[in-house]
Amino acid sequence: MTVSVVLFTCDLRLHDHPPLRAALDTSDEVVPLFVRDRAVDAAGFAAPNRLAFLTDCLADLDAGLRERGGRLILRSGDLAEEVAKVVAECGADTVHLAADHSAYARRREDRLASVLGPSGCAVQVYDTVSTVVAPGTVLPASSDHFAVFTPYHRHWARQTMRIPLAAPRKVNVPEGIGSEPLPARRDITGVSPGLARGGETQARARLTSWLRSGADAYEEGHDDLAGDRTSRLSPHLHFGTLSPVECVQRALRKGGSGAEAFVRQLAWRDFHRQVLAARPRAAHENYRSQHDRWRTADAAREDIEAWQEGRTGYPVIDAAMRQLRHEGWMHNRGRLLTACFLTKTLYVDWRVGAEHFLSLLVDGDVANNQLNWQWSAGTGTDTRPNRVLNPVTQAKRYDPDGTYTCRWVPELAGLEAPYVHEPWKLPGLERAAIGDYPDPIVDLADGLARFKRARGRA
Ligand SMILES: Cc1cc2nc3c(=O)[nH]c(=O)nc-3n(C[C@H](O)[C@H](O)[C@H](O)COP(=O)(O)OP(=O)(O)OC[C@H]3O[C@@H](n4cnc5c(N)ncnc54)[C@H](O)[C@@H]3O)c2cc1C
């Protein structure tokens, strides 16, 4: 009887899962294992919103396995040691897992190999589980990664993709392998009230309905803040309840300019992953230094708090920051505006913003979050690092009648454009009617001048 272990990490699904397929093809029995990794908790990465979403994903994965005659084994502690214990208990000859690309994920793979080495158990790592194109597959002539998205995307789009795999019909799990009880979402405190539900079942339903009725309007609608017309698949892609390969193939099969624009966004995920794989320190250090001497957290404390709480006096910024707190998710245009506002208008270090986002975002992801923050701050891969987005102009363009803004900043409900985006311009009595909604914490022209001076462009 041959046995292998499938170690699930950020790939919590049964459809299109190459490690699971390989394990089932080569072994009589398979142990589907998830380890609640102590190192991830210690690093503060297990924020309540992601933890709550994870519990949904694990419950759904377990249910899917049970429908196929199996079950999920859950352990917690030191990941490599827990895997080694399970390997010893079931006599597995191979551990199959998906490749991941952060510095931590690499260390995890190395440690697994060294801890399992003496037992003779092999570790098999599979690409294109969490990406469409694996980092390092497409390279420019003279570097170990692409630093600019457009040429990367050109090469990316020409790659041959593997065919998505069906979910298995049957999973035989050996008897007698103990599991901790699955965590319950209700036991997690500090979860955003509007947090989406996780799990592969939800993810597949969302992909199907969005491709059917949302994708066609994506190209022209993706920046429409109030319309909320993006796919909202990011948490599912983060936890791997959806396969990015399958998303791309289904979108391409559907066809049309909206589906193509969506596929281009998916290429951004891979782009950031190949940057991070080549430059793991970009998770914490400037990818391209602009010699910034950011305001210190102490000097900017009040501004940072106002930004975090959605009380900057710039309605669209406040709306987006309140959406983040309420849903654990924020529209991409909101992320761009709030990140630019913090780093350029308030001239605060991108790491302060990235950390706050990671404390709340359900899709919070080292590659996408840190590198998008760097892009916004101009220390990353943006080819126009000093561009500054004006929150008032942008609000008028992407939330023309203020619907999105008023949804999240009810103090301003009833105000018409343009006042909803510039309430400080209201005449006296009407100004008084919006209660304690704050005046702007910074004058945009002053913020811009400070930024230009700092970047030597005054
Ligand atoms: C400051 C900042 C921080 C961000 N942090 C994260 C993060 O932690 N996790 C995360 O998944 N995305 C992050 N993004 C990227 C983007 O905002 C989200 O992926 C997107 O808003 C998710 O919504 P959606 O699923 O409806 O996206 P859609 O517009 O429907 O796009 C489809 C998918 O493409 C991918 N995608 C879209 N835009 C980007 C992008 N710019 N970079 C990488 N992938 C992208 C996502 O997986 C997304 O689900 C960040 C962007 C900024 C500006």
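Mentor: Gladly! Helices here are DSSP runs of H or I with at least four residues, numbered from the N terminus. Keep in mind that this is a predicted model.

Trainee: Where is P418, then?

Mentor: P418 sits in the loop between α18 (403-408) and α19 (428-433). The peptide bond joining A417 and P418 is cis, with omega of about 5 degrees.

Trainee: What makes a positive phi worth a remark?

Mentor: Most residues other than glycine have a negative phi. R232 is not a glycine, yet its phi is positive, about 55 degrees. R232 lies in the loop between α8 (218-221) and α9 (234-239).

Trainee: Why is R232 called partly exposed?

Mentor: Buried needs 20 or more other C-beta atoms within 10 Å, and exposed needs 12 or fewer. R232 has 16 C-beta neighbours inside 10 Å, so R232 counts as partly exposed.

Trainee: And Y347: why is this residue called buried or exposed?

Mentor: Y347 has 22 other C-beta atoms within 10 Å. The cut-off for buried is 20 or more, so Y347 is buried. Y347 also has a positive phi, near 50 degrees, and lies in the loop between α14 (332-345) and α15 (350-360).

Trainee: Which domains is the protein divided into?

Mentor: The protein is divided into domain 1 (3-128), domain 2 (131-163 + 199-278) and domain 3 (301-454). The centres of domain 1 and domain 2, taken over C-alpha atoms, are 24 Å apart. Their contact takes 20 residues from domain 1 and 20 residues from domain 2.

Conventions
Residues numbered from 1 in each chain as written. Predicted model: local features only at pLDDT ≥ 70, side-chain atom pairs only at ≥ 80, totals over all residues. Helix = DSSP H or I, 4+ residues; strand = E, 2+ residues; numbered from the N terminus. Domains from an automatic or database assignment. Contact = placed C-beta atoms within 7 Å.
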